[in-house]
Amino acid sequence: MPVIAIIGAGPGLGAAVARKFGREGFAVALVSRDQPKLDALAAELEADGVTARGYAADVLEPAELEAALARAAAELGPITTLQYSPLPSRDYLKPVLDLVPELALEALQFSALGLIHAVRTVLPAMRETGDGSIILINGGTSVKARAGFAGTSLAFPAESAYGEMLHEALEDEGVRVRQLVIPGGIPKLQLPNGIDDVAARIWEIHATAGPFRTMLIPLEDGRE
């Protein structure tokens, strides 16, 4: 059974993606900081017929994140899809004139360095089999900086640059690296099927080769 690890799993997009991939025959490793919440979500998914387990880790703590992914692979099987979608702290959404070096560094650790640690944990197995996918979920500041969202305007582009380099380096090895940009809060986007439409799009970019970046909607139609 293929396995998707969802970093930043929660009751919204993470749960929707888990259900979509579960219906497609995947087991699901749910990764976030709160083990009781993960256990509750896993139980809900199991009741829907999805094999799911929770693994608590903080993306700001590399050893925790790497250990959680290693446990997931040991218990569920090698991770064949990685979704990196932790929700940034509201502190990262401060205006640029309020941005201090310490907060900028934390935002970069959260988005870019956390992704690098996660990828380096799961990528060897993907390269060995010549198959897999790594999916980045980012907001609109990954494409266009906004002075009112200074932390993500620094960190998301760094995360995107790493992902795009991986896309180029791995495209001939059967490992797909893709990014979905969601320029605004999902409830405000007025999608016909809401969050399920986003999960369906994530499945599409997982399952098919294509360019690195996919916009869920045009950037000018959304709001961060």
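Me: Why is Ser-111 called buried?

Reply: Ser-111 has a relative accessible area of 3%, and buried means under 20%, so Ser-111 counts as buried. Keep in mind that this is a predicted model.

Me: Where is Ser-111, and which residues is Ser-111 in contact with, leaving aside its neighbours within four places in sequence?

Reply: Ser-111 sits in helix α4, residues 101–129. Setting those sequence neighbours aside, its contacts are Tyr-84, Ala-155, Phe-156 and Glu-159.

Me: How many aromatic pairs turn up in the whole structure?

Reply: A search of the whole structure gives four aromatic pairs. One of them is Phe-26 with Trp-203.

Me: What makes the pair of Phe-26 and Trp-203 edge-to-face?

Reply: Look at the planes: they stand at 90 degrees, with the ring centres 5.9 Å apart. Centres within 6.5 Å make a pair, and planes over 60 degrees apart count as edge-to-face, so Phe-26 and Trp-203 are an edge-to-face pair. This pair also ties together distant parts of the chain, 177 residues apart: Phe-26 is in the loop between α1 and β2, and Trp-203 is in helix α6.

Me: Why do Phe-26 and Trp-203 count as buried?

Reply: Phe-26 has a relative accessible area of 7%, and Trp-203 has 18% relative accessibility. The cut-off is under 20%, so Phe-26 is buried, and so is Trp-203. Ring pairs also link Phe-21, Phe-26 and Trp-203 into a cluster.

Me: Why is the pair of Tyr-92 and Phe-110 called edge-to-face?

Reply: The planes of Tyr-92 and Phe-110 are at 65 degrees, and the cut-off is over 60. Tyr-92 is in the loop between β4 and α4, while Phe-110 is in helix α4, 18 residues apart. With a relative accessible area of 2%, Tyr-92 is buried, and Phe-110 counts as buried at 10% relative accessibility.

Me: How many residues does α4 have, and how far does α4 reach from its first C-alpha to its last?

Reply: α4 has 29 residues and reaches 41 Å, which is close to the 42 Å expected at 1.5 Å a residue.

Me: What makes β1 and β2 paired strands?

Reply: Pairing needs at least two bridges, and five bridges join β1 to β2, which run parallel. Ile-7, for one, has Val-31 in β2 as its bridge partner. The chain crosses from β1 through α1 to β2, and that β-α-β crossover is right-handed.

Me: How many bridges join β2 to β3?

Reply: Five bridges join β2 to β3, and these strands run parallel. Leu-30 has Gly-54 as its bridge partner in β3. β2, helix α2 and β3 make a right-handed β-α-β unit.

Conventions
Residues numbered from 1 in each chain as written. Predicted model: local features only at pLDDT ≥ 70, side-chain atom pairs only at ≥ 80, totals over all residues. Heavy atoms only, no water. Helix = DSSP H or I, 4+ residues; strand = E, 2+ residues; numbered from the N terminus. Buried < 20%, exposed > 50% of the residue type's maximum accessible area, 1.4 Å probe, protein only. Contact = heavy atoms within 4.5 Å. Phe/Tyr/Trp six-rings, centres within 6.5 Å; stacked < 30°, edge-to-face > 60°. Expected span 1.5 Å × (residues − 1). Right-handed = clockwise from strand over helix to strand, strands pointing away.
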